[in-house]
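Welcome! Please take a moment with the sequence and the structure below before reading on.

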Amino acid sequence: MFADLPLLSLVIWVPIIGGALVLLASKNEQAQTARLLALTVSIVTFLLTIPLYTGFDLTTHQMQFPEKTSWIPLFNINYHLGVDGISMPLILLTSFTTILVVLAGWEVIKVKVAQYLAAFLIMEGLMIGVFAALDSILFYVFWEAMLIPMFLIIGIWGGERRVYATIKFFLYTFLGSVFMLIALIYMYIQSGTFGVLDLHDFKLSMTEQTWIFLAFLVAFAVKVPMWPVHTWLPDAHVEAPTGGSVILAAIMLKLGAYGFVRFSMPITPDASQSLDWLMITLSLIAIVYIAFVALVQKDMKKLIAYSSISHMGFVTLGFFIVYMIIDNTGSAQGAAMGIEGALVQMISHGFISGALFLCVGVMYDRMHSRMIGDYGGVANTMPVFAAFMVFFAMANAGLPGTSAFVGEFFVIMSAFKANFWIAFLAATTLIFGAAYTLWMVKRVLFGEVANENVAALKDLNNREYFILGTLAVAVLVLGLWPAPLLDVMHVTVEHLVQQITQSKL
Amino acid sequence: MMQTSFQMPDLTPAIPEIFLLTMTCIILLIVPYLSDKNRVLTYLLSLGSLAATAALTVAVHTSETVYTFSGSFVSDTMGDVLKVFVYLVTAVVFIYSRKYLLDRNIFKGEFYVLGLFAVLGMMVMISAHSLLTMYLGLELLSLSLYALVAFQRDSKDATEAAMKYFVLGALASGMLLYGMSLLYGVTGTLDIGGVQTVAAGLEDSKKLVMGLGLVFVIVGMAFKLGAVPFHMWIPDVYHGAPTAVTLFIGTAPKIAAFAMVMRLLVEGLGDMHDQWQDILIIMAVLSMAIGNVIAIAQTNIKRMLAYSTISHVGFLLLGILAGTQAGYSSSMFYVIVYALMSMGGFGMIILMSRAGFEADKISDFKGLNERSPWFAFMMLIIMLSMAGVPPTVGFYAKLAVLQSVIGVGLTWLAIVAVVFSVIGMFYYLRVIKYMYFDKADDTTPIESPTDMKLVMSANGLGILFLGIAPGSLLAMCAAAFS
């Protein structure tokens, strides 16, 4: 029944058009209409993404649900969509997270409600577009267009230093991506195509590959973000409204990592191989150094932001450790494991970081403070909430049984096959991650009730309970039974490993 | 063989020009007999003339290149496409400026007559195929514009701007004319095609003079386009002129100036591409650098847009200097897109202004999202398009130009261009910041005639629509050079 529908186009355009419709209910007294409409649109979009999973063919690495029509014939640019085992789970993550974000802003956002919800819906469509695009200009259009709603979300509904944070966010990302554009045009001039899959097969010399790799690196490293171009993230997270932080952490950061596996590694495999030391070094710095930075934060949102950077270091490590593993063991088996671990980590981090930001949001809505020092003993007044927060904190620290464990364990295991010391350094994050997360939990949740504001706190309402509960289930299910996700990825990852280890010279 | 008898030239390709000239003269004759109450008639008549001229241009269009008036007038696809956009832009300028002129009590027939003469000048420039015709068109355009800038005669700023514009403009025209005379001296012909033929087989001893002529011609053109280092007049004139006139100067004449560059540099001096490429590279880099950096320091939005124009001219030159068909068509696309965006940008200033109040400071856009979410959204699209962010058409303009530059191996130039556009991003974002993130100081409702609101909306949505489906306009520009 679903096979005939252009599913990918639908999941891109339903939220965008839905967002435009929500804008029509922009009067203050229509706020409730806007909320209900936005929720409907996000649920419909989520339902539309489910057939992508159920109808997914596990046995092929080919792009599925393809759609291709000529878009700008003069430049041979096509409207080409398709998903594989890497992008499909991320699309599901996006549509799932958007529902929670719409719910999270339900009572909290009181000004310009329609615009707020519309921005999130439009952004959802654009982000799905990034994951589904198989033409590099189409990818670039979605990639850049996505910045606009985020820019407005942080700037309009953000905190005190929102203008600084949002302009920094925009300029950083924009600066990174223009170099990618130059690289894409360069390849078009050489090959005559913007098609991502065609570029995968296009031969490039080592010098060309190196420059193109670096151009992509700037674009994707800013987005991931990798050390040392990460400084926009803590600012953006701190100032963004809760929903914005959730989308940033859960999905936007994944786009950068996705770029590495969709563009950098398959298009410039030889450069990736020769520069893997650079990527591994940057990843390790992110994992270890940023974990220390997280340890000293006084602001909860900043702490989680730094924790995100540290965890994203695992993702890039998992990708680029591949070459070393193959050098050492000569088998692609362990290599695939590293990449799969990184991909699971992406999904898992989407749930956990989103959940942690929502937890902070729950407290912020009540206390209007993000500072750890303003809290203490919250568990006494909000026991249910405290249970959730402890659970997500444990997950963030990589507790076995939660989704984070799967990804981190895979990456560390495969790192051992590459080099003991890399694995050792990566594994320290399990300690540091536990340290900064649990220490925050201790200071915020436990102990005596710190002040009368905390004493007056009310526990979760049904809406918040539902949001956090759903995420907790997702984290647990993925942690205990990751097979459905791994099955989806498996064939694609094997193909990817083969692709990125095949020299183009 | 000497021509012994007078032969009537083929007038068909020039019918649009002849028609517009006739209509303008008729309007000029009607103007004195109309009372202020019936002034709207002039306005409607002008719009009607433009529409009819557009229809005629389309009607006489052929896919072949036609020369007439002994080869001093040409009609080709590039020219016809550019002309149609000149009419379109001018018509929109007339629609946008009506309210502004009424509010300031300068809703006079002369505005439209001068405007139409300027359009005629642009048409002649676009179709010029001899050095003299080119100069004729340019002067007709320039003289009309000088008068328009001084149109609000009791305004000190406007008078000052007109004076500056006139003196500098006359100087530039002089330079251009001097360059043309050198070209004529070397080649012995005024015909642009003839210049090309002679230049191709020129002996070495004459190349120096030819080069000198080239430099002077480029100076003249750079002035009209507003490329650094001949950009000084732009901020002052844009700032000082009544916004309705700034709107006009900042849009349609750029299209004509582009045509002038194409006719003179590419068609006439195409063989000297090696020489003018370097000059244009320097001007392009400087224009992008100075335009984008100085725009950041502006508080007046008309000045900011003036510097933004300079940076856009830098981008425009990139396509031309590539020297390929792809490059020319990308520049043509760029100039058309630029005219549409600039039209919207200045149009918004007029929309926000009212009697006794000029919304010409960037801070006047504070809180526009609260006062009028729809027009804030339109301005958002326009600003993002100027900055080159997809999914607006400005992105494809930049994409096409960058593609042509990288296509001729000048990747470094493309990198310079994008770095400056990132720097330029900042001041466009600042306008968005004022509109969306700040509270409004001034909560007067925004009132304007329905026609203006409709056209403004069409302008903004058009930029968005062309950003989603740019294919046909790109193909149209490519067809002009195949």
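The report that follows walks through this structure topic by topic.

## Chain B as a whole

A first thing to know is that this is a predicted model. Chain B has 20 helices and two strands. Its C-alpha atoms fill a box of roughly 75 × 60 × 40 Å along the principal axes. For 482 residues, a compact globule would have a radius of gyration near 23 Å, and the 22 Å of chain B agrees with that.

How much of chain B is buried? Buried residues account for 57% of its 482 residues.

## Where the two chains meet

The contact between the chains draws 25 residues from chain B and 27 residues from chain A. On the side of chain B that touches chain A, the elements giving two or more residues are α16 (373–387), α17 (393–407), α18 (411–437) and α20 (471–479) of chain B. Of these, α18(B) gives the most, with eleven residues. Sorted by class, this side of chain B has 20 nonpolar, four polar and one charged residues.

## The largest nonpolar core

The largest nonpolar core holds 393 residues, and the members that touch the most others are A:L117, A:V322, B:V86, B:M125, B:V149, B:I255 and B:A256. Helix α16 (residues 332–367) of chain A supplies the largest share of this core, with 19 residues. As a general background, nonpolar side chains in soluble globular proteins tend to be buried together.

Take B:V86 as an example to look up in the model. Leaving aside residues up to four places away in sequence, B:V86 touches B:V119, B:M122, B:M123, B:A252, B:I255 and B:A256.

## A methionine in chain B

Another residue to look up is B:M348, which lies in helix α14 (residues 325–352) of chain B. Is B:M348 buried or exposed? B:M348 is buried, because 27 other C-beta atoms lie within 10 Å, and 20 or more are enough to count as buried.

Not counting residues up to four places away in sequence, B:M348 touches B:F375, B:M378, B:M379 and B:I382. The C-alpha atoms of B:M348 and B:Y96 are separated by 9.0 Å, although these residues are 252 residues apart along the chain.

## Two helices of chain A

Helix α7 (residues 162–191) of chain A has 30 residues, which should span 44 Å at 1.5 Å a residue; its end C-alpha atoms are 43 Å apart, which agrees. This helix is mostly covered, with 22 of its 30 residues buried. After α7(A) comes A:G192, whose phi is positive, near 80°.

Helix α19 (residues 403–418) of chain A has 16 residues and reaches 24 Å from its first C-alpha to its last, close to the 22 Å expected.

## A hairpin in chain A

Strands β1 (residues 64–72) and β2 (residues 77–83) of chain A pair in the antiparallel sense over six bridges. Within this pairing, A:I72 stands opposite A:I77 in β2(A). The hairpin has four residues between the strands, and A:N76 takes a positive phi near 60° there.

## Backbone details in the loops

Where are the cis peptide bonds described here? One joins A:V224 and A:P225, with omega about -15°, and A:P225 is found in the loop between α9 (206–223) and α10 (232–239) of chain A. Another joins B:V228 and B:P229, with omega about 5°, and B:P229 is found in the loop between α8 (204–225) and α9 (233–240) of chain B.

Two residues of chain A have a positive phi although they are not glycines: A:K112, at about 50°, and A:H368, at about 55°. A:K112 is found in the loop between α3 (87–104) and α4 (113–132) of chain A, while A:H368 is found in the loop between α16 and α17 (378–381) of chain A. Their surroundings can be told apart by counting C-beta atoms inside 10 Å: A:K112 counts as buried because it has 21 such neighbours, whereas A:H368 is exposed, with 9.

Conventions. Residues are numbered from 1 along each chain as its sequence is written. Chains are lettered from A and ligands numbered from 1 in the order in which they are written. This is a predicted model: local features need pLDDT of at least 70, side-chain atom pairs count only at pLDDT 80 or more; totals for chains, interfaces and linings use all residues. The expected span of a helix is 1.5 Å times one less than its number of residues. A residue is buried if 20 or more other C-beta atoms lie within 10 Å of its own, exposed if 12 or fewer, and partly exposed in between; C-beta atoms are placed from the backbone. A nonpolar core is a set of buried Ala, Val, Leu, Ile, Met, Phe, Trp, Tyr and Cys residues joined through C-beta atoms within 7 Å. Two residues are in contact if their C-beta atoms, placed from the backbone, lie within 7 Å. Ala, Val, Leu, Ile, Met, Phe, Trp, Tyr, Cys and Pro count as nonpolar, Asp, Glu, Lys and Arg as charged, and the others, Gly among them, as polar. The radius of gyration is taken over C-alpha atoms; the globule rule is 2.2 Å times the number of residues to the power 0.38. Two strands pair if DSSP finds at least two bridges between them.
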